[in-house]
Amino acid sequence: MPGNSCPVRLKINPPVTIPAVNGRVGKETSTPVTSPAPTRPSLPLRGRVFRAVSLAPEAPLADWLALLDAALKRSATLFDDRAVILDVAGLKAAPSELESLIAELSARKLRILGIEGADAPLPALLPPRLVGGRPAGDAFEAPAFEEEKPGVSSLTIEGSVRSGQSIVHREGDVTVMGSVSSGAEILAGGSIHVYGALRGRAIAGAARNPRARIYCRKFEPELLGIDRLVRTAEDMGTHLRGQAVQIWNDGGAIRIAALG
Amino acid sequence: MAKVLCVTSGKGGVGKTTTTAALGAALAQAGEKVCVVDFDVGLRNLDLIMGAERRVVYDLINVTNGDAKLPQALIRDKRLENLSLLPASQTRDKDALTDEGVERVMGELREKFDWIVCDSPAGIERGAQLAMRHADVAVVVTNPEVSSVRDSDRIIGLLDSKTVRAERGDSIEKHLILTRFDPARADRGDMLKVDDVLEILSIPLLAIIPESLEVLRASNVGCPVTLNNPLCAPSRAYIDAVRRLKGETVPMAIPSDRKSLINKLFTRRAA
Amino acid sequence: MSVLTFLKPRGSGSVARERLQLILAHERVENGRPDLIITLREEILNVIAKHVTVERDKVQIKLDRGEGVSTLGVDIEFPVDAVLNQKPKAKRASA
């Protein structure tokens, strides 16, 4: 061994008697807690974080208010009971203009929680100033101001959809190259095509599309639906089980037929 | 390059801990440096099956918390010198096991061992997710029984989404071990067929472990079955599994009914 | 009972029973005093550090729960010059 290391081995080995009791230990021992020093009562103040929707109006205000009205017409309850922040960074408005904007929003039943993007302190009558906002994903699904109809697209899944997984695609068809396991679910705005076994739940035509269909190579589902019409496995009978089938809505009734 | 192997199932009681011990011991007997890790929180099983229950001082949470260093917590197996155990904590709750702590410990384990075999608890909650998180290879233990198969399917879905590899866009190697296989029941048609399970789960088959008294005997005496009786049917199946994990092609032996003399003479081979 | 059963070694079931009785007896007691071993270790290390410089990694604590008693083994390795150059008492801070 190198150097002057001639290790001394100290072995301390008294048997520490921990008696083997047959019954359970009586009381639980607990570590003593020192009592805290008494303090004067004080007002508790806490920091809290909330998510809110941020509206960012742009000049000219009249046009922006028209856009807002259009969105409210499509969905009257869009801002009901929601925390709405007004982001005025793009406006460079004087406090009086802000006051009339807030009034316009109140008339439309929008309650503004706070104002961000204002570079000067605001008069006391306006909602308070907020700083340090961060993006936080969707507070809710962003309303599509531009188009009436969302774009149509189809979703392809290359593997299988496993138990517990949920695929929601309202914008169009869903194609699964593998199987859909028992306990998995697919909700499509359009049709559903399963190139393996369908053992889970499939609802097609969820975007008010009663002409959507469901196709699969092996029919063993738990639940099916076209538009708002839904059937469970029990209602469907067993004669087509295990076969390649297509399922559609025929004037209010769900029909199943073998694929040729 | 160290490999992290996660033994998981979703369903409880299907043979994860038995499989962890058996594969770990077989890998060690094949010359690899192996550590088996118990990822349960609050219940401790792997130490009993390994026969180390009397020597547990520190556990995984002590190491992730910094109360103890990894070498202090590792328990060397008395029979195989390149096999060690990192036991689970019996006294903490599930939130005590942190992501950062586990990541750090897994990094340290990768430096010391060739294979790290993680015994997952049942379920899909924290312990199970942490056990699979850093895996390179997953072994999904399934009984030929409906709820086990469905739970395994759920777990496979999680393997494809909740692991570091999946989040990176890499794939994680997944294998199926079918346990508690009863040849007599299979012959009578009273049991889900191997092919049915494979078709539903769609992952490659690593081994079929027959139902056997030897597994119970091994756990009674606190020794992994592959070490306690390497010649019995389950051990041979686990040893073949290890050979496959290491890259060898081994023909799959489907366990047959012992009572049949003809079957004793010929082992049926399936690709 | 046949001669063979008589001569057979003890079944694994009784081994299991003994192991369980032993470990559960210890665990029932230890659950009333969590982290006892950890506390003992830290305090032993502190006592030793008061007199001699020793690396924490060179102190191994092993436990073996046995019939009616547990054996706590403390294994400390420190080089000979550490013994010769003991720390003067004045410098040591209390634990």
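Chain B and chain A bury about 850 Å² between them, 34% of it on carbon and sulfur atoms. Buried area here is the accessible area (1.4 Å probe) that two parts lose on being put together, summed over both. The model is predicted: local features need pLDDT of at least 70, side-chain atom pairs count only at pLDDT 80 or more, and totals for chains, interfaces and linings use all residues. Residues are numbered from 1 along each chain as its sequence is written, and side-chain values use heavy atoms, without hydrogens and water.

**Interface of chains A and B**
- Ten residues of chain B are in contact with ten residues of chain A (heavy atoms within 4.5 Å).
- The rule finds four salt bridges across the interface (a side-chain nitrogen of Lys or Arg within 4 Å of a carboxyl oxygen of Asp or Glu).
- One salt bridge joins the side chains of B:D153 and A:R162, at 2.9 Å from N to O.
- On the chain B side, α7 (146-159) and α10 (194-201) each supply at least two residues; helices are DSSP runs (H or I, at least four residues) and strands likewise (E, at least two), numbered from the N terminus.
- The largest share of that side, five residues, comes from α7(B).

**Sheet in chain A**
- Six strands form an open, mixed sheet in the order β7-β9-β11-β13-β16-β17; two strands pair if DSSP finds at least two bridges between them.
- β7 (155-157) and β17 (253-258) of chain A are the edges, each with a single partner strand, so one side of each has no neighbour in the sheet.
- β13 (residues 214-219) and β16 (residues 245-250) of chain A run antiparallel, joined by three bridges.
- A:Y215 has A:Q246 in β16(A) as its bridge partner.

Methods. Chains lettered and ligands numbered in written order.
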